[in-house]
Amino acid sequence: MDLGYVYKNHKKLRCGYTTGTCAAAASKAAVRMLLTKMPVNEIGICTPKGVTLNLKILDICITDEYAECALKKDAGDDADCTDGILVYSRASFLPEGIVVDGGQGVGRITKPGLGQPEGAAAINSVPRRMITEAVLSELEAACQETGIKIIISVPGGEEIAKKTFNPRLGIEGGISILGTSGIIEPMSEKALTDAIYIEMKQKKVQSGFNSEVLLISPGNYGRNFAKDTWGIDLEQGLKCSNFIGETLDMALMLGFGKILFIGHIGKLVKVAAGIMNTHSRVADARMETLCSCAVLSGCSIEAARNILLCTTTDEAVLLLKENGILNKTMDIMLGRIVSNMRQRTENKIEIEVIVFSNQAGVLAVSGNALDFIKLIKGQDCS
């Protein structure tokens, strides 16, 4: 089936469909088979994006008590660990109402802040709505007023979940049934920012977390550095990947009052230049930014030229140290980072920043950053 294409980095990539679409389509077919006792080999489903798909139904089982079938996930050209899995739906009768739950391989929510109550199956709100609407459409077409129970299962979901955000989010026992549009666009940045938002929202509402101070780092370097240097529990931190600007936008929207950002100079130096997506394909400017800060620190033309010729920030840091201007250059760079981050949040969030490198250790610490660490550690120990 041709689901359309997107172009990323000059490549034509095929779109796919989500686990939520799979679950809704399988549920629609299962209910039709429960009502008619006849097999359904293909089913049509309209996704929230408005794209109608005709999907092949697999592994059909019809009994007097239930009807069950599966649909194979197709992620298109996206690097998706759930590509090719079978999503099953089992439909059975209830006296009234529609119940949607998860079975084998679908995770269970164990922490607040994920949009579903603790103990519920990890089936997000849009897929739940898609499933419910699919069930209702079949009941209406058959002029039936009975209740229906739907159980979604994913064989092998427990193992697949280990490759996802679920263990970190407190979703145990399987994958989540996801999808807001029903369609997967390959290399989707939205999928990553959605995951960051979910984790951030969870940290805001879950009991025991200090909602006043949000600890953010671009990746594992920052989290590990915080642990090794100050003994901060890794679970206290949130990884934002390259999406620094969007992460700050989300923090503002969720009402965080304080943020501590701990990051490697190779990422955060870009923020000093106002670059809020630090992926190399978006922008670089690492050496140009360091050079401008070094010039303001009083470096020579020769030193500035050598900085521009560096290939890594660690190399540039060593050069700045040799020229006796490392501390002053880092202070200027840090001021720009903090200013740009605070401007991004309309100066409504108190933001502090710590910059480090793997070789030199701590390079720059803004005003109240160490006090923020005490707050985070105090919350962790309470």
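Let's start with a side-chain detail: the charged end of lysine 204 sits over the ring of phenylalanine 256, 4.8 Å from its centre. A charge counts as sitting over a ring if NZ of Lys or CZ of Arg is within 6 Å of the ring centre and within 35 degrees of the ring normal. Keep in mind that this is a predicted model, where local features need pLDDT of at least 70, side-chain atom pairs count only at pLDDT 80 or more, and totals for chains, interfaces and linings use all residues. Residues are numbered from 1 along each chain as its sequence is written, and side-chain values use heavy atoms, with hydrogens and water left out.

**Another charge over a ring**

- Arginine 90 lies over the face of tyrosine 66, at 3.7 Å from the ring centre.

**The sheet and its helices**

- Helices (H or I, at least four residues) and strands (E, at least two) are DSSP runs, numbered from the N terminus.
- Five strands make an open sheet in the order 6-7-8-12-9, with mixed pairing; two strands pair if DSSP finds at least two bridges between them.
- At the edges are strand 6 (58–62) and strand 9 (98–102), each pairing on one side only.
- Neighbouring strands of this sheet are turned by 15 degrees against each other on average, direction ignored.
- Strand 9 and strand 12 (residues 147–153) run parallel and are joined by five bridges. Aspartate 101, for instance, has isoleucine 151 in strand 12 as its bridge partner.
- Helix 1 (residues 19–36) packs on the sheet, touching strand 6, strand 7 (66–72), strand 8 (86–94) and strand 12. Its direction makes about 40 degrees with that of strand 8. Contact here means heavy atoms within 4.5 Å.
- Helix 2 (residues 125–141) lies across strand 9 and strand 12, running at about 135 degrees to strand 9. For these angles, axes are lines fitted to C-alpha atoms (for helices over the stretch in contact), and values run from 0 to 180 degrees between N-to-C directions.

**Aromatic pairs**

- A search of the whole structure finds two aromatic pairs. Rings of Phe, Tyr and Trp (its six-membered ring) pair if their centres lie within 6.5 Å; planes under 30 degrees apart count as stacked, over 60 as edge-to-face and the rest as tilted.
- Phenylalanine 225 and tryptophan 230 are edge-to-face, with 5.8 Å centre to centre and 75 degrees between the planes.
- Phenylalanine 225 and phenylalanine 356 are stacked, with 4.1 Å centre to centre and 5 degrees between the planes.
- Phenylalanine 225 lies in helix 6 (residues 220–230) and phenylalanine 356 in strand 19 (residues 350–357), so this pair ties together parts that are 131 residues apart in sequence.
- Ring pairs link Phe225, Trp230 and Phe356 into a cluster.
- Phenylalanine 225 counts as buried at 15% relative accessibility, and phenylalanine 356 does at 0%. Buried means under 20% relative accessible area, exposed over 50%, partly exposed in between (1.4 Å probe, protein chains only).

**Helix 8**

- Helix 8 (residues 265–272) is mostly covered, with seven of its eight residues buried. Among them are Ile265, Leu268 and Lys270.

**Cysteines**

- The structure holds zero disulfides; a disulfide here is a pair of cysteine sulfur atoms within 2.5 Å.
- Cysteine 15 has its closest cysteine sulfur in cysteine 22, but at 15 Å that is too far for a bond.
- The sulfur of cysteine 291 is 5.9 Å from its closest cysteine sulfur, in cysteine 299, so that is too far for a bond as well.
- Cysteine 15 counts as buried at 5% relative accessibility, and cysteine 291 at 9%.
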